[in-house]
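Here is a friendly briefing to read alongside the structure. Please have the sequence and the 3D view open as you go.

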Amino acid sequence: MFGPVPCRLPGGIKTCILRPVACVFTSSSRMAKSKFEYVRNFETDDTCLKNCYIVVRLDGRNFHKFAEQHNFMKPNDDRALGLMTCSARSVMEDLDDIIISYGQSDEFSFVFKRTSNWFKRRASKLMTHVASQFSSSYVFYWRDYFRDQPLLYPPGFDGRVVLYPTNRNLRDYLSWRQADCHVNNLYNTVFWTLVQKGGLTTTQAEDRLKGTLAADKNEILFSEFDINYNKEPLVHRKGTTLIWEKLEETVTKSVKLPNEAGEEVLVTRTRRRVGAHHCDVIGNQFWEEHPNILEDDNC
C-alpha cells in the first residue's frame, strides 16, 4: 500500500506521499505494444528454405570508375585483390557458419552451410550483414594495401542471395564463377598487353579481339609477346578460394602440481584459421583433398 508517511526533511517532520514507480515511468515493452505495431504486418517473410546452402554474392558497385580514380594497375592489381581477400576473411571470421568463399576481380561469394541458423536464415539479414562487414573491412584495411593511394570516396557493394539444394548445384555455381574468372582474365590480359606493349589504343585493341576464341588470344600472347598464359599467376587465372583449416600449435605452459615445484611443459593445441587457395575448383581434386567442406546430400 502507498499513502501518506512521515518524512524527516529540513525544517521538521512533514507528510510525504509515496507513489509506485510504474506510475511515473512507462516500460519499453508496454510502448512496443502500441497502436502502430500493425505496420509489422507489411514485412515480407524472407526466411531461406531449409536444407539448402545459402550463397551471398557481393559485387563491386561501379568499380570500373572506382578502379580508374584510385589508379588500379591493369590488367590485375595485386593490392586490390589482396584487399578483397582480407575483407572476405574478415567476414568468414565474423560468421563462422560460412564454409567456403570464392572471389575474383571485384566480387566474392560466401557459402553458408545447410544447417546454418544465423539470423534465423533471413535472407535480408544475411545479405546486409555480409555486405556491411565486407564494405567496412575494405575501408578499414585500405591503407594496409594502398599505402601511397588515399581512399577518395567509400566503395559500394551490392549483394544477392541464392539457394542451392545439392552439392552438385553448389559445385556448379563455384565452377561457373571460376570459369568466368578465366574468361575475363584471359581477355583482360590480352587486351592490356596489346595496349601497354603493343602500342594500340583501347579501341584498336577491342577491334583486334572481336570474334577471337581462347586459342586465338593465347596465340596472340605467345607469338607476339612471348607470354605463356598458363604461367601467369594462379591468383589471376583461378581466383581465390577461402576455407577453414585446422592448425596445430605447440606452446609452452607452466604446470604446478601440489607440493611440487612448477615446470614448463609443451602443449599441442588445435585451432581453426581461414586459409587462401589459388587452385582449380572445377575438377574433383580440390574437393577430394577437402572432403569436410560439403555436407552429405542424404542427410
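This is a predicted model: local features need pLDDT of at least 70, side-chain atom pairs count only at pLDDT 80 or more; totals for chains, interfaces and linings use all residues.

Residues are numbered from 1 along each chain as its sequence is written, and side-chain values use heavy atoms, with hydrogens and water left out. Helices (H or I, at least four residues) and strands (E, at least two) are DSSP runs, numbered from the N terminus.

**Pockets**

- A pocket is found on a 1 Å grid over the protein atoms alone, as an open set of points where a 1.4 Å probe fits, with protein on both sides within 12 Å along at least five of seven lines; lining residues have an atom within 4 Å of a point.
- Grid points are joined across faces, edges and corners, and a volume is the space filled by probe spheres set on the points.
- The largest pocket has a volume of about 810 Å³.
- It is lined by 33 residues, and His64, Pro75, Ser105, Asp106 and Asn188 are the closest to its centre.
- At least two lining residues of the largest pocket come from each of α2 (63–69), α3 (78–94), β4 (98–104), β5 (107–112), α6 and α9 (234–238), and α6 gives the most, with seven residues.
- By class, the lining of the largest pocket has 13 nonpolar, 12 polar and eight charged residues; here Ala, Val, Leu, Ile, Met, Phe, Trp, Tyr, Cys and Pro count as nonpolar, Asp, Glu, Lys and Arg as charged, and the others, Gly among them, as polar.
- The second largest pocket holds about 330 Å³ of space.
- Its lining has 15 residues, with Trp244, Glu245, Arg272, Asn292 and Ile293 nearest the centre.
- In the second largest pocket, β4 and β7 (240–255) each supply at least two lining residues, and the largest share, four residues, is from β7.
- Six nonpolar, two polar and seven charged residues make up the lining of the second largest pocket.

**Helix packing around α6**

- The axes of α6 (residues 167–196) and α7 (residues 202–209) come within 9 Å and cross at roughly 130 degrees; axes are lines fitted to C-alpha atoms, for helices over the stretch in contact, and angles run from 0 to 180 degrees between N-to-C directions.
- That angle makes α6 oblique to α7, since angles under 35 degrees count as roughly parallel, over 145 as roughly antiparallel, 65 to 115 as roughly perpendicular and the rest as oblique.
- α6 passes α7 in a right-handed crossing; a crossing is right-handed if the near helix is turned clockwise from the far one by less than a right angle, and left-handed if anticlockwise.
- In this contact (heavy atoms within 4.5 Å), Tyr187, Val190, Phe191, Leu194 and Val195 of α6 meet Thr202, Ala205, Glu206, Arg208 and Leu209 of α7.
- The contact of α6 with α7 has seven nonpolar, one polar and two charged residues.
- The axes of α6 and α8 (residues 214–225) come within 10 Å and cross at roughly 35 degrees, in a left-handed crossing.
- Residues in the contact of α6 with α8 divide into eight nonpolar, three polar and two charged.

**Helix packing of α3 with α4**

- α3 and α4 (residues 123–140) have axes 8 Å apart and pack at an angle of about 135 degrees, and are therefore oblique to each other.
- Their crossing is right-handed.

**Backbone details**

- Most residues other than glycine have a negative phi, and most peptide bonds are trans.
- The peptide bond from lysine 74 to proline 75 is cis, with omega near 0 degrees, and proline 75 lies in the loop between α2 and α3.
- Lysine 120, in the loop between β5 and α4, has a positive phi near 55 degrees.
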